[in-house]
Amino acid sequence: MEPPKSLLHHVLMVSFPGQGHINPLLRLAKCLASKGLLVTFSTTQQTGQMMKEATNKTDDTTSNIGDGQLRFEFFSDGWDIDEPKRASLDAWMHQLETAGRDSFIQLINQHAEQGRPVSCIINNPFVPWVTDVATELGIPSAVLWVQSCAVYSIYYHYHHQLVSFPNPDQQDLTLDLPGLPTLDFQDIPSFLTLNPFDSLKQVILAQFKNLEKAFCVLVDSFEELESETISAMSHLAAPIRPVGPLFKSQNDVKVRGDMWKAADDCLRWLDSKSPGSVVYVSFGSIVALPKEQMEELGSGLLNSGLPFLWVVKPPPKELGIGSGLPDGFVEEAEDKGSVVVEWSPQEQVLDHPSVACFVTHCGWNSSMESLSSGVPVVAFPQWGDQVTNAKFLVDVYGVGLRMKKCTKKDQELVTSEEVERCIVEVTKGLKAEELKKNALKWKKAAEEAVAEGGSSYRNIQSFVDDIKRMAC
């Protein structure tokens with residue numbers, strides 16, 4: 001379907017093929033389309049096929065959203081789906097930056113040949129080479145930062161060596177940055193301290209080498225939430241523009257980017273529960289907890305006495321460990337008001353009145369969704385920016401508790417007793433009323449930010465105006 005003549009401004013959005021990257025970028029895509037732009041959303045063909053299967057799409061359809069259009073088109077990373085080298089993160093990231101880059105350039109050229117020249121390219125942080133491609137082709141570019149402004153500041157200061165960061169032998173030292181609270185070693189993104197995946201660290205930091213080529217950095221956050229951090233970073237060449245929470249800006253649920261089929265029947269299950277009674281548990285698309293930790297978590301959920309909705313994404317088949325659930329758990333939990341699903345429509349779950357709290361890994365998407373839905377949290381961060389987000393959710397935003405590990409069975413585990421304690425404290429304990437009050441305060445602030453005239457609404461409109469101005 002060809003776009004109407006009025007849609008002269010074409011934005012090409014390029015996502016790293018991960019669920020936590022696709023969600024915010026697709027939400028931004030829908031938001032920009034609603035403002036009258038033609039938006040093409042792109043990621044690798046393999047991920048595109050997963051999205052089609054999960055959402056029952058049969059082709060690269062075009063959707064009318066608001067005054068504009070949103071279309072999908074994918075590029076190849078040059079490998080077959082069953083290529084064994086995909087198991088090596090370093091090898092695949094190199095493949096994406098070489099063969100994927102060539103395929104992506106072909107896609108841009110095809111758009112021009114078909115009468116849809118690209119006016120602006122937007123990418124997210126794990127594909128920094130996209131910004132270089134845009135510069136080489138003379139196309140204005142922007143970046144959607146998919147973590148918090150606070151984490152952006154931490155990486156920025158690390159990359160430019162503006163302050164000294166503690167190393168693994170200095171875990172008693174703290175980190176002080178402008179506009180941020182004092183961070184303990186455990187609060188610093190683990191990519192910079194203890195994380196074994198050095199390639200991810202290098203890819204994240206690579207974005208800061210070419211950010212001056214982008215005319216702005218959009219962030220899925222809002223000014224009222226991170227005002228001190230944003231103010232402290234106002235001098236940057238590529239200015240930060242908070243445009244979130246994006247899932248509140250454009251909530252057209254018909255166009256989704258799920259890589260796994262969401263279990264919509266869990267919403268009907270929630271309908272059968274009393275208001276504020278259900279514990280929602282999800283650790284996102286990547287985190288896989290060891291068997292011993294899953295057993296402790298399952299026991300804690302059962303012992304809390306509250307009904308729960310637990311999202312358990314099955315481990316990769318090659319690991320040969322079944323569903324990932326503790327043995328016999330489904331049978332034991334059957335009569336205790338629980339439901340376990342492989343994937344859920346999370347933004348709709350968190351917005352459901354029966355949900356009392358969210359046991360979360362504290363990924364930024366989940367953090368923004370819980371804050372914007374007024375749901376208190378039990379924080380269980382694992383790695384990366386999750387540890388920093390947990391610090392802010394608990395100590396700065398005041399919406400939850402952080403579970404603590406101890407040594408059990410010669411492992412560092414969160415025990416079932418700790419799981420039960422935190423859930424009860426957040427939902428029924430002395431702090432429950434205060435945590436809920438703070439959560440509702442942030443929900444109100446988020447809604448005001450995206451409403452007409454709000455801070456994020458103005459920033460999005462300013463961004464759209466910039467695209468149109470540069471395309472003239």
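Here is a friendly note on a few features of this predicted model.

1. **Ground rules.** Residues are numbered from 1 along each chain as its sequence is written. Local features need pLDDT of at least 70 and side-chain atom pairs pLDDT 80 or more, while totals for chains, interfaces and linings use all residues, and side-chain values use heavy atoms, leaving out hydrogens and water.

2. **Two domains.** The protein chain splits into domain 1 (10–256 + 451–471) and domain 2 (264–447), with bounds that come from an automatic or database domain assignment. Their C-alpha centres are 26 Å apart. Across the boundary, 33 residues of domain 1 are in contact with 28 residues of domain 2, where contact means heavy atoms within 4.5 Å.

3. **A helix pair.** Look at helix H5 (residues 149–159) and helix H6 (residues 198–207): their axes are 10 Å apart and meet at an angle of about 90°. Helices (H or I, at least four residues) and strands (E, at least two) are DSSP runs numbered from the N terminus. Axes are lines fitted to C-alpha atoms, for helices over the stretch in contact, and angles run from 0 to 180 degrees between N-to-C directions. H5 and H6 are therefore roughly perpendicular (65 to 115 degrees). H5 brings Tyr155, Tyr158 and His159 to the contact, and H6 brings Lys201, Ile204 and Leu205.

4. **Aromatic pairs.** There are 21 aromatic pairs in the structure. Rings of Phe, Tyr and Trp (its six-membered ring) pair if their centres lie within 6.5 Å; planes under 30 degrees apart count as stacked, over 60 as edge-to-face and the rest as tilted. Tyr156 and Phe208 are edge-to-face, at 6.2 Å centre to centre with 70° between the planes. Tyr156 belongs to helix H5 and Phe208 to the loop between H6 and strand E9 (217–219), so this pair ties together parts 52 residues apart in sequence. Both Tyr156 and Phe208 are buried, that is, under 20% relative accessible area (1.4 Å probe, protein chains only). Ring pairs also join Trp145, Tyr152, Tyr155, Tyr156 and Phe208 into a cluster.

5. **A buried proline.** Where does Pro242 lie? Pro242 is in strand E10 (residues 240–242). With 1% relative accessibility, Pro242 counts as buried. The C-alpha atoms of Pro242 and Cys149 are separated by 8.3 Å, although these residues are 93 apart along the chain. Leaving aside neighbours within four places in sequence, the contacts of Pro242 include Val219, Phe222, Ile230 and Ser456.

Note on methods:
Angles under 35 degrees count as roughly parallel, over 145 as roughly antiparallel, 65 to 115 as roughly perpendicular and the rest as oblique. Buried means under 20% relative accessible area, exposed over 50%, partly exposed in between (1.4 Å probe, protein chains only).
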